[in-house]
Structures are given as structure tokens and as C-alpha cells.
Amino acid sequence: MRLLAEEALEDLAVGAAILGTGGGGNPYIGKLLAQQAIRRDGPVEVVGVDEVPDDALMAFSAMMGAPTVMVEKIPRGDELVHAFEALRERLGRPITHLVPAEVGGINSTLPIAAAARLRLPLVDADGMGRAFPEVQMCTPTIYGISATPMALADEKGNTAVIETIDNRWTERISRSITIEFGCTALIALYPMTGAQARESLIPATLLLAEDLGRLVRRGRGIDGLLERLRGHRLFEGKVADVERRTVGGFARGEARIEGTDGDAGSTLSIRFQNEHLVAVRDGEVVATVPDLIIVLDAETGEPITTEELRYGFRVAVVAAPCDERWRTEAGLELVGPRYFGYDVEYVPIEERAAASRAGAR
Amino acid sequence: MSWEIVEADLRPIATGAAVLGTGGGGNPYLGMLRARELLRGGARMGVLDPDEVPDEALVVSAGGMGAPVVSWEKLPQGDEEAEAVRALEEHVRRRVDAIAPLEMGGSNSLVALAVGALLGVPVLDGDGMGRAFPELQMVTYLIYGAPPAPAAVADEKGNRTVLSRVADVYALERIARAVTVEYGGHAGLAMCVMTGVQARSTCVPRTLTLAKRIGEAIEGAGARGGDAVDAILEVTGGRRLFQGKIVDVERRLVRGFARGSVTLEGFGRNIGEKLSVDFQNENLIARRGEELLAVVPDLITLVDVDSGEPLTTEVLRYGFRVEVLVLPPSPVLTTPEALRFVGPRAFGYDVDYRPAWATDDRA
């Protein structure tokens with residue numbers, strides 16, 4: 001157990017945006033919410049997933065919707081309480097811990113705000129080890145854990161509790177409600193026991209995010225990140241074009257980066273649906289989901305989310321391996337490139353990098 | 001007076017409710033089949049007069065939601081509405097004592113009876129519209145103060161959604177509609193958790209009885225060889241608006257609603273004239289060129305010119321010979337509070353409500 005105080009938030013927000021692979025929402029807004037909540041309600045108790053009792057009852061706390069909308073329509077703050085109260089009421093017993101659903105962007109800082117306001121401990125783990133755009137894309141789905149009952153609340157005072165026949169239906173129904181709420185909702189979902197959490201969640205990802213943020217903020221730059229993430233440099237260049245649309249409650253589009261330095265003459269395009277999905281260099285796929293494709297400021301190593309990405313930015317693109325569970329058949333069925341409509345085989349980034357090094361030699 | 005439904009009541013109720021349904025409220029045949037199966041299986045359907053609902057009873061309104069065109073193709077499982085009521089029961093942690101029909105429509109009148117039978121509780125002789133309307137904020141229970149949340153929507157696959165809080169009645173409509181569309185365009189709905197006192201004071205009373213009388217009048221006229229339209233008007237009041245042949249039906253499925261219009265070419269006393277009726281699930285206005293002849297909440301109903309059988313929007317087709325009737329709405333629908341939600345302006349027509357059922361435009 002440790003206490004998470006305001007000072008840790010800066011590191012965490014930066015690290016979360018790195019792991020958010022372009023999505024997960026703007027970490028700045030989540031950081032402000034968490035800051036305000038900690039100032040009012042005190043620091044948040046963070047526990048490791050191995051410290052949680054078997055019979056604990058926990059749930060994911062997250063914000064759902066399009067990041068492009070989140071930066072304009074910021075949460076009031078009491079929606080997250082409404083969502084948890086609605087879920088607790090449905091479950092008929094108290095929720096003992098909160099867990100971040102993903103460790104990207106707003107969704108790693110927002111649960112801190114929720115934990116502070118609800119005065120509940122936060123589990124240092126998450127269901128993605130990064131950010132993904134859809135509700136069923138959580139490791140508990142692989143273990144047959146239901147995403148519902150799930151509660152959604154908005155800033156206008158609407159709250160819904162849904163129960164669905166499977167986790168893909170959870171995504172469909174919650175997405176249509178979120179759109180009706182105005183494209184953002186605060187959600188509480190995947191109620192699970194401590195034992196289920198230990199089995200299905202990716203541990204210590206808050207700690208990882210804090211580490212990554214600290215490395216960037218202390219000027220250790222991109223090399224420091226690559227070491228901690230066991231990542232690979234993909235490309236360096238200047239953003240030449242960003243095409244971005246809000247479709248079906250998602251920010252979808254493509255960024256085109258023209259190479260500089262060693263990559264001069266080449267073009268890298270990154271396709272995204274809230275998160276970066278596929279990186280293509282001069283027509284050849286160089287990285288795909290579920291591996292992490294991360295866009296960083298070429299100078300500072302600060303992460304850049306899809307809604308901030310703009311013409312002229314000088315960026316470094318890196319890729320890092322995902323959690324091993326995403327590389328299983330069940331994992332790839334949920335979050336592999338084919339699920340997102342790309343007809344390419346998933347090849348782990350380490351193998352792609354090794355093959356490309358061999359090719360260069 | 002409270003009474004018990006027997007199989008012979010189902011067809012007249014469905015037919016009469018379809019007359020009141022003004023084109024919407026679901027298909028009477030489907031609703032009839034569902035209710036008949038239950039009765040044949042030994043279920044009991046009690047009808048409770050509003051005056052006999054105990055003050056402290058827990059009453060919930062239930063009905064099918066969505067576009068009738070969809071339920072015609074994607075047949076309901078049959079227990080979606082009961083599932084929605086069960087979801088609400090779990091939410092409020094109390095069993096319901098009675099079901100209040102959402103609206104009078106060919107299907108939704110009998111759906112309420114089926115829900116009552118499935119849950120083993122009686123059904124209120126009354127409803128939330130006295131006819132059918134396309135949107136939830138148009139329910140008299142809500143207009144006169146029943147709470148818009150909690151409400152529940154359930155589909156035939158086993159998905160359920162409980163709206164535990166809503167910002168207002170319009171949010172209820174929008175969110176429940178979005179979920180219904182995602183469910184496939186048709187869902188069971190339960191809403192308006194009320195006491196017996198609230199149900200009694202906010203409903204349009206005794207509309208199951210009215211529907212049954214209308215249906216029996218149509219059947220009686222058929223058996224006697226009498227005029228079925230005269231028989232309807234005798235029970236309901238109101239008048240004939242237009243007699244014609246359907247020459248065009250334009251129908252689109254827009255955001256979960258069947259929207260469009262039907263155009264009629266007159267014959268008999270209306271020879272040489274044209275009439276069109278615009279609908280959004282239900283018939284909203286009848287116009288001759290730019291002239292509005294009848295507007296909501298007046299009941300604009302199309303019936304077969306010979307048999308008097310009501311025609312719902314999803315079965316309208318070129319060549320049908322119909323009589324367009326204007327029937328009086330319940331006074332519960334014509335108060336200033338109610339007209340804000342069910343008057344012509346609520347549907348985007350910039351005119352005041354003027355009753356058309358009493359006047360004769362040929363005079």
C-alpha cells in the first residue's frame with residue numbers, strides 16, 4: 001500500500017499519455033480532476049493487486065466517449081459518483097476498491113479523482129496495459145468476466161445501468177447511450193472479486209506510468225522510455241497531414257509523417273480509432289495493435305495524443321510490446337489488427353524489429 | 001367495474017385499440033396472437049377499473065417501443081415487456097401490483113394484458129395516451145407528474161437497460177430510443193413507477209373497455225351486414241373526414257420511427273379531391289393541399305371502407321379503399337399542459353389545436 005499525492009499526478013499524467021498510444025483522452029483534464037479531488041478529500045490509497053483480499057468487490061472506473069469531445073465538454077465531477085452509486089445499488093453490496101479500466105490518458109488519472117471522492121482505495125492494475133477504444137477490449141473478457149452490470153452517468157443528471165448478454169453487446173449499448181449523453185459518459189463496469197482481479201488484470205501499470213512520466217520529465221528523453229518499455233524506434237519526422245473525423249462516437253483518422261534525418265525520403269502513416277492502430281512505412285506495415293504505437297515530441301519525449309496532433313509537429317514514433325495475454329488467440333480476436341479491419345497478420349514488434357534489422361544488414 | 005378477459009375479448013380489444021391507435025401502437029394481429037397463447041395456456045388476465053386500484057398499489061406502465069414496421073418483421077419473443085418490468089422491480093426492490101397500459105394500440109393494448117398475465121397481476125382499465133403517440137414524453141402519466149425515472153428497456157436477446165436517473169422526459173425518450181434502435185428497432189419498455197393514486201389521477205380512464213366496445217361494434221356490424229363505420233362513430237363520436245383510395249404511401253425508417261405520408265384520391269362524396277395524412281408511427285395531421293383538416297391530438301384513423309377494420313401504417317398499400325375518420329381525443333389530452341406535449345406544435349406544426357371531430361367541412 002502507498003499513498004498517491006498530488007505531486008505524483010504530473011508524472012502519472014505524462015506516463016499515462018505515453019501508454020495511451022494516442023487515445024485514452026486528454027490526460028490534462030483527468031489530472032486537474034484528480035488534483036482537485038485530492039486537495040479536497042486527501043491523498044488516495046493505492047494497493048497492489050496482490051494485496052487485495054479475495055472477496056473484495058471492485059469495478060473499473062473510466063470515461064467513455066470520443067477524446068475530441070472530452071477536451072471541449074469537460075466532466076462536472078459528480079457523474080463519476082453517480083455512476084458508482086448506480087452500480088453499487090444494482091449489485092446490492094458495497095464496492096471496496098476502484099480499478100482503472102485502462103492506463104491511457106484521462107482514464108488513468110480520472111479513477112484517482114473517483115477514488116478520492118468516494119474515499120476508496122485504488123488498485124494498481126488495469127484491464128488493458130495501454131488504452132483501447134472499445135469496452136470489451138479488456139483482459140477480463142479473455143477470462144469470461146462480464147462487463148455488466150455497467151453504469152453510465154452524464155453531466156446533465158442521466159444515469160443508466162445496463163446488463164448485456166456478452167461484452168460486445170456491452171460496447172454496442174453503452175456506446176449508443178454515450179452518444180446520446182453527448183459523446184461522453186462516466187462509467188463504472190466489470191464488477192469483479194479480488195480473486196478475479198488477480199487472475200485477469202495487468203498489474204502495476206500505474207507505477208509503470210509514473211516511471212515513464214518521471215523519465216520524460218527528468219529529461220531522460222526517448223532513450224529512457226525505450227529502455228523501460230523494451231520498445232523500438234520506428235520513425236522520426238514532421239507531421240505533414242492529419243485527417244480526423246468523429247464517427248460513431250470515435251475519433252477516427254490518419255496522420256501522415258514525413259521523415260527527417262535517417263528517415264528522410266520516407267513517409268509513415270498512422271491510422272487511429274481514438275488509439276493508434278497501425279503504422280505503415282512507405283506502404284509496408286511496421287507495427288500493429290495490440291503492440292503500443294506511441295507518438296512523442298522528438299525533442300522532449302513528451303507524448304502527443306491524436307486530438308493534439310497537428311501539422312508541423314516534429315515527432316518520434318516508437319513501438320513497444322503489449323501484455324503477453326493480448327498475443328494469445330483469444331487476445332488477438334479482441335484487439336488484433338483484423339478486429340479493427342486491417343487485413344494483416346499480427347507479428348510481435350520484437351520480431352518485426354529483428355527482421356527489419358536483419359534486412360538492413 | 002373490474003372484469004376478467006376471455007379469449008373472445010381479444011380480437012375486439014385489438015381491433016378497437018387499433019382504431020384508437022391511429023395507425024400506430026403496433027399490429028393488432030401480432031398482439032392478439034401473443035395474448036391468445038397465454039390465455040390458452042391457462043393464464044388469467046384481470047382488468048382493474050381505475051376506481052378500484054388500491055391507493056398504495058405499485059403500478060408500472062409497460063408496452064412495446066420501436067417502429068411497428070420492425071416488429072412486423074422481427075417478431076417479438078413475447079416477454080420483452082415483462083423482462084423490462086422485472087428489471088424495474090429489481091431496481092425498486094418491490095413487486096408490482098398492477099400494470100398500466102402505455103398506450104391504446106392494436107398491439108400495445110394486448111401487450112399490457114400479456115405482461116399482466118406473465119407477472120400474475122391485473123391490468124389497469126386505462127392507459128397513458130387514450131390512443132397511440134410516437135414518443136414517451138407524450139404519456140399522460142408523465143404529463144401529470146409521474147416520475148420519468150426509473151425506466152427499463154429489454155430486448156428479445158436478453159439485454160436490459162435501466163435508466164435510473166434522467167434529466168427530463170425528453171432525455172428519457174432520447175436515451176430509451178437510442179437503446180431500442182441499438183437493440184434492433186424494437187424493445188419492451190417499462191416506466192412510470194406510480195402509486196395507485198397516481199395511476200388513477202394521471203391515466204386516460206377505461207380505454208380497454210372503450211377499445212372492446214369499438215371492436216364489438218365493428219364485428220357486430222359485420223355480422224348484421226350493417227355499416228361498420230357508423231357503428232364505430234356511434235361508440236366514439238367523431239365523424240367521417242374523407243373517403244378515398246390510397247394512391248401513394250411514402251414510408252421511411254428514421255431514427256427508429258416509421259415516418260412518411262399516405263395520399264388518397266377521393267371517391268364517392270369526395271370524388272375529385274385529394275387528402276394526405278402525415279405520420280410518425282401514428283397519424284399526425286390530415287391535409288388537403290396546404291389546408292390542415294385535422295391535427296393531433298384528434299384521432300385520425302384510417303379504416304377499410306367496407307369492413308371498418310382499422311389500418312395501421314405498416315400495412316397501408318396502394319389501392320386500399322379507406323374511410324378517414326376523426327375521433328375525439330380524451331379531455332385528458334386537451335388541457336393546456338397536455339397540449340404542450342401532444343398538440344400540433346409538439347410535432348413541429350405551427351398551428352393551434354382546433355378540434356376537427358365535431359365540425360363538418362362540407363357544410
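**Cavities, a sheet and salt bridges**

Let me open with the largest cavity: its lining divides into 11 nonpolar, 12 polar and six charged residues. The classes are simple: Ala, Val, Leu, Ile, Met, Phe, Trp, Tyr, Cys and Pro are nonpolar, Asp, Glu, Lys and Arg are charged, and the others, Gly among them, are polar.

Ground rules next. This is a predicted model, in which local features need pLDDT of at least 70 and side-chain atom pairs count only at pLDDT 80 or more, while totals for chains, interfaces and linings use all residues. Residues are numbered from 1 along each chain as its sequence is written, chains are lettered from A and ligands numbered from 1 in the order in which they are written, and side-chain values use heavy atoms, with hydrogens and water left out.

Back to the cavities. Rolling a probe the size of a water molecule over the atoms shows where empty space is left. Here a cavity is a set of points on a 1 Å grid over the protein atoms alone, where a 1.4 Å probe fits but cannot get out; lining residues have an atom within 4 Å of a point. Points are joined across faces, edges and corners, and a volume is the space filled by probe spheres set on them.

How many cavities of 30 Å³ or more does the search find? Five, over the whole structure. The largest has a volume of about 290 Å³. It is lined by 29 residues, and Gly64(B), Met65(B), Gly66(B), Glu103(B) and Asn108(B) are the closest to its centre. Four elements of chain B each supply at least two lining residues: helix 2 (28–40), strand 3 (58–66), helix 3 (68–73) and helix 5 (108–119). A word on numbering: helices (H or I, at least four residues) and strands (E, at least two) are DSSP runs, counted from the N terminus.

The second largest cavity comes to about 230 Å³. Its lining has 24 residues, with Met63(A), Glu102(A), Asn107(A), Phe132(A) and Pro133(A) nearest the centre. In chain A, strand 3 (57–65), helix 3 (67–70), helix 5 (106–118) and strand 8 (184–193) give two or more residues each. Strand 3 of chain A makes the largest share, four residues. By class, this second lining holds 15 nonpolar, five polar and four charged residues.

On to the sheet. Strands of a sheet pair through backbone hydrogen bonds, either parallel or antiparallel. In chain A, seven strands form an open, antiparallel sheet in the order 14-13-12-11-10-16-15. Strand 14 (284–288) and strand 15 (292–297) are the edges, each pairing on one side only. Two strands count as paired if DSSP finds at least two bridges between them.

Walk through some pairs, all in chain A. Strand 13 (residues 275–281) and strand 14 share four bridges, and Ala279(A) stands opposite Ala287(A) in strand 14. Strand 10 (residues 232–247) meets strand 11 (residues 250–259) over 10 bridges. There, Asp241(A) has Arg256(A) as its bridge partner. On to strand 16: strand 10 joins it through six bridges, with Arg233(A) opposite Val318(A). In strand 12 (residues 267–273) we find Leu268(A), buried at 0% relative accessible area. The cut-offs are under 20% for buried, over 50% for exposed, and partly exposed in between, with a 1.4 Å probe and protein chains only.

Last topic, salt bridges. The rule is a side-chain nitrogen of Lys or Arg within 4 Å of a carboxyl oxygen of Asp or Glu.

Which chains does the pair Glu182(B) and Arg172(A) join? Glu182(B) lies in helix 7 (residues 169–183) of chain B and Arg172(A) in helix 7 (residues 167–180) of chain A, so the pair joins two chains. Their N to O distance is 3.1 Å. Glu182(B) is partly exposed at 22%, and Arg172(A) is partly exposed at 38%.

Within chain A, Arg327(A) and Glu350(A) come to 2.8 Å. They are 23 residues apart, with Arg327(A) in the loop between strand 16 (314–320) and helix 11 (329–335), and Glu350(A) in helix 12 (residues 349–360). Arg327(A) is buried at 15%; Glu350(A) is partly exposed at 28%.

Asp41(A) pairs with Arg40(A) at 3.6 Å. Asp41(A) is buried at 16%, whereas Arg40(A) is exposed at 56%.

Finally, a network of salt bridges links Arg2(A), Asp11(A), Asp124(A), Glu210(A), Asp211(A), Arg214(A), Arg217(A) and Arg228(A).

Notes. On a 1 Å grid over the protein atoms alone, a cavity is a set of points where a 1.4 Å probe fits but cannot get out, and a pocket is an open set with protein on both sides within 12 Å along at least five of seven lines; lining residues have an atom within 4 Å of a point.
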